[in-house]
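User: I would like to go through the labels given to some side chains here and see what each one rests on. Please set the values against the cut-offs.

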Amino acid sequence: MIGVARRHPVFSGGAAAFATLVLLACSSSRGVEVSYGPAPVTLTGEIVRWTVADSSDPKLPGERPASYWLLRLGTPVSLVGGIEPIDEPERNVRELQLVLSAEQYHEYGALVGCPVVATGTLFHAHTAHHHRPVLMQVTRIRPVARGSPH
C-alpha cells in the first residue's frame with residue numbers, strides 16, 4: 001500500500017534494539033575496543049608458545065632462536081591511538097605478544113596451551129624483539145574457571 005509505513009520486526013523493539021544491533025555489527029567487524037596503557041586491561045584467550053626459529057631473521061642478525069608467549073584472543077580487539085607516539089591504531093587484533101619477567105615465565109609455565117585471563121598494560125611494537133603489533137606487559141595471569149564464559 002502506498003503511504004502506509006510498516007513496522008519492521010527489527011525496529012519494533014525501539015531504539016535500544018536498533019542500537020544493540022549496530023553495536024554488535026561494529027564489534028564483530030572491528031573487535032572489542034580496548035586502550036593502550038597506562039590503564040591496565042584484562043583479556044581472555046589461550047597462551048601459545050611461538051618460536052622464532054630462523055636465526056637469519058634480518059631483524060635479528062646473529063640471534064639464536066627464541067621462544068615467546070602469545071595470547072591468542074577468543075574475541076578480537078581493536079585499539080585507537082594512545083598517548084605515546086608509538087601507540088598506533090590497530091584493528092582486529094587476534095594475537096598479542098606477552099611480555100613477562102623470568103619469574104612470571106616460571107610461575108605461569110603450566111598455563112601454556114590453556115584458556116586464561118591476562119591482565120596488563122598494552123603497548124605497540126617498537127623493537128626487533130616485538131613480533132606482534134600489540135604487546136601486553138603482564139601483571140597477572142589466571143586460568144579460566146571451569147564453566148565460566150571468561
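User: What makes the charged end of Arg132 count as sitting over the ring of Trp50?

Analyst: In this predicted model, the charged end of Arg132 lies 4.7 Å from the centre of the Trp50 ring. The distance cut-off is within 6 Å, and the charge must also be within 35 degrees of the ring normal. The charge is therefore listed as sitting over the ring.

User: Why is the pair of Trp50 and Tyr68 called tilted?

Analyst: The ring centres are 6.4 Å apart, and the limit for a pair is within 6.5 Å. The planes meet at 40°; stacked needs under 30 degrees and edge-to-face over 60, so what remains is tilted. Trp50 belongs to strand β2 and Tyr68 to strand β3, 18 residues apart.

User: Why is Tyr68 called buried, and why is Trp50 called partly exposed?

Analyst: Buried means under 20% and exposed over 50%. Tyr68 has 10% relative accessibility and so counts as buried. Trp50, at 29%, falls in between and is therefore partly exposed.

User: What makes the pair of Trp69 and Tyr105 edge-to-face?

Analyst: Their planes stand at 75°, with centres 4.8 Å apart. The angle is over 60 degrees, so the label is edge-to-face. This pair joins strand β3, which holds Trp69, to helix α2, which holds Tyr105. Trp69 is buried because its relative accessibility is 4%, while Tyr105 at 27% is partly exposed.

User: How do you know that Ser78 is buried?

Analyst: Its relative accessibility is 5%, and the cut-off is under 20%, so Ser78 counts as buried. A polar atom of the Ser78 side chain lies 3.2 Å from the backbone nitrogen of Asn92.

How values were computed. Residues numbered from 1 in each chain as written. Predicted model: local features only at pLDDT ≥ 70, side-chain atom pairs only at ≥ 80, totals over all residues. Heavy atoms only, no water. Buried < 20%, exposed > 50% of the residue type's maximum accessible area, 1.4 Å probe, protein only. Polar contact = N/O pair within 3.5 Å; in protein donor to acceptor, adjacent residues only side chain to side chain. Phe/Tyr/Trp six-rings, centres within 6.5 Å; stacked < 30°, edge-to-face > 60°. Helix = DSSP H or I, 4+ residues; strand = E, 2+ residues; numbered from the N terminus.
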